[in-house]
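Here is a short briefing on one protein model and its ligand. Keep the structure open while reading.

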Amino acid sequence: MKKSGFVSIIGRPNVGKSTLLNQFLGEKLAITSNKPQTTRNRIQGIYTNEKGQIVFIDTPGIHKPSHKLGEYMVKAASTTIGDVDLILLLVEPRRPGKEDLMIIDQVKKVGADTFLIINKIDTIPKVNLLECINTYKDLYSFQEIVPICAFKGDGVRELQDLIFAYLPEGPGFFPDDMITDQPERQLVAEYIREKALYVLDQEIPHGIAVVIDTFAEREDKAIVDINATIICEKESHKPIIIGKQGATIREIGSQARREIERLLGMQVNLKLWVKVKERWRDSEFLVKNFGFDKKEL
Ligand SMILES: Nc1nc2c(ncn2[C@@H]2O[C@H](COP(=O)(O)OP(=O)(O)OP(=O)(O)O)[C@@H](O)[C@H]2O)c(=O)[nH]1
Ligand SMILES: [Mg+2]
């Protein structure tokens with residue numbers, strides 16, 4: 001009998017949740033960066049093999065929100081906790097911080113099956129790992145504790161077997177060849193945001209959103225024309241995003257274009273624009289309009 005179920009990946013910002021999702025699926029479904037609060041929406045990734053189907057839900061990092069967008073993100077993550085067959089709680093291999101403890105409290109309340117996933121084990125000596133495991137053991141009776149290195153893939157295969165062992169029997173929820181619920185346009189917007197996070201420096205990235213204005217395949221040629229706008233929060237950010245004679249935005253555009261072409265398997269003509277919407281992250285109306293799920297607001 002095949003197995004199937006929903007598995008939520010939760011944890012504080014920047015622990016490697018999206019990296020793990022991508023590693024599982026072997027595709028870039030969720031953008032990643034070294035800056036916290038990269039993921040803003042719930043992202044579904046579907047993994048199917050001969051054993052059955054795992055529907056992963058990558059979530060925004062849980063933190064203390066300071067604006068509407070943050071509230072939305074934390075809600076999107078927290079509501080998955082009670083709704084899934086299994087929770088993967090990701091942490092870094094060191095002593096738990098305030099946010100880790102807060103998340104464990106939430107997990108305790110629901111009492112759902114939870115694996116503790118200790119990620120980034122490449123960053124510490126092995127002896128410290130044991131200490132870390134023991135500290136976490138005292139905090140909650142996790143069903144399993146699994147050390148991994150998400151970006152190299154170490155431990156991911158073992159984790160997959162453990163997940164199947166815990167999932168209930170049943171048929172898949174989605175077609176075998178489906179790997180995500182995200183529309184192409186959304187993936188494209190996210191790829192552009194990832195490159196902006198990468199190219200821009202510290203302060204600006206948190207305040208940007210990317211909106212796809214037009215997305216059209218030409219009738220006579222295998223070319224897609226895409227117009228997208230990078231929304232920023234301050235007038236003073238605009239020239240930084242554009243750069244000297246447009247150098248910065250050109251760099252974001254050409255890095256994004258290469259990945260979008262790989263995704264769509266087609267030549268892409270990408271045009272990027274920049275617009276200012278002051279304090280959009282604090283505006284319910286604007287957060288809604290930048291592609292976030294209205295149910296969560
Ligand atoms: N050294 C090391 N770094 C890792 C590992 N896995 C992920 N990272 C890095 O950690 C950073 C954060 O990764 P993400 O996958 O974006 O983290 P996230 O938990 O999804 O973050 P949010 O979406 O902001 O909540 C990136 O720079 C990754 O390359 C790992 O196993 N080892
Ligand atoms: Mg993420």
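**Ligand 1 and its surroundings**

An oxygen atom of ligand 1 sits 3.2 Å from a polar backbone atom of Ser33. Of the 660 Å² that ligand 1 exposes when taken alone, the protein buries 90%. The model is a predicted one. The points below cover the ligand site first, then selected residues in loops and helices.

**Ligand site**

- Ligand 1 takes up the space of the largest pocket.
- The shell around ligand 1 holds 22 residues.
- The closest of these are Lys17, Thr19, Gln37, Thr38 and Thr39.
- By class, the shell around ligand 1 has 13 polar residues, six nonpolar and three charged.
- Ser18 places a backbone N or O atom 3.0 Å from an oxygen atom of ligand 1.

**Positive phi angles**

- Gln37, listed above among the residues closest to ligand 1, has a phi near 65°.
- That value is positive, and Gln37 is not a glycine.
- Gln37 belongs to the loop that runs between helix H1 (17-25) and strand S2 (43-49).
- Its relative accessible area is 24%, so Gln37 is classed as partly exposed, the range for that class lying between 20% and 50%.
- Arg279 is a residue other than glycine with a positive phi, near 50°.
- The loop between strand S9 (267-276) and helix H9 (284-289) contains Arg279.
- Arg279 counts as exposed because its relative accessibility is 58%, and the cut-off for exposed is over 50%.

- Glu194 is part of helix H6, which covers residues 184-199.
- With a relative accessible area of 7%, Glu194 is buried, since buried means under 20%.
- The side chain of Glu194 makes a polar contact of 2.3 Å with the side chain of Lys28.
- The Glu194 side chain also reaches the backbone nitrogen of Thr32, at 3.0 Å.
- Arg193 is likewise placed in helix H6.
- Arg193 has a relative accessible area of 3% and is therefore buried, by the cut-off of under 20%.
- Between the C-alpha atoms of Arg193 and Ile208 the distance is 7.7 Å, with 15 residues of sequence separation.

**Separations along the chain and in space**

- Phe174 lies in the loop between helix H5 (156-166) and H6.
- Phe174 is partly exposed, at 23% relative accessible area.
- From Phe174 to Asn227 the C-alpha distance is 31 Å, and the two are 53 residues apart in sequence.
- Ala247 is in helix H8, which comprises residues 247-264.
- A relative accessibility of 36% makes Ala247 partly exposed.
- Ala247 and Asp282 are 35 residues apart along the chain, and their C-alpha atoms are separated by 30 Å.

Technical notes: Residues numbered from 1 in each chain as written. Chains lettered and ligands numbered in written order. Predicted model: local features only at pLDDT ≥ 70, side-chain atom pairs only at ≥ 80, totals over all residues. Heavy atoms only, no water. Near = heavy atom within 4 Å. Polar contact = N/O pair within 3.5 Å; in protein donor to acceptor, adjacent residues only side chain to side chain. Areas by Shrake-Rupley, 256 points an atom, 1.4 Å probe, with all protein chains shown as cover. 1 Å grid on protein atoms, 1.4 Å probe; cavity = no way out; pocket = protein on both sides within 12 Å on 5 of 7 lines; lining within 4 Å. Sits in = over half its atoms within 2 Å of the grid points. Nonpolar A, V, L, I, M, F, W, Y, C, P; charged D, E, K, R; others polar. Helix = DSSP H or I, 4+ residues; strand = E, 2+ residues; numbered from the N terminus. Buried < 20%, exposed > 50% of the residue type's maximum accessible area, 1.4 Å probe, protein only.
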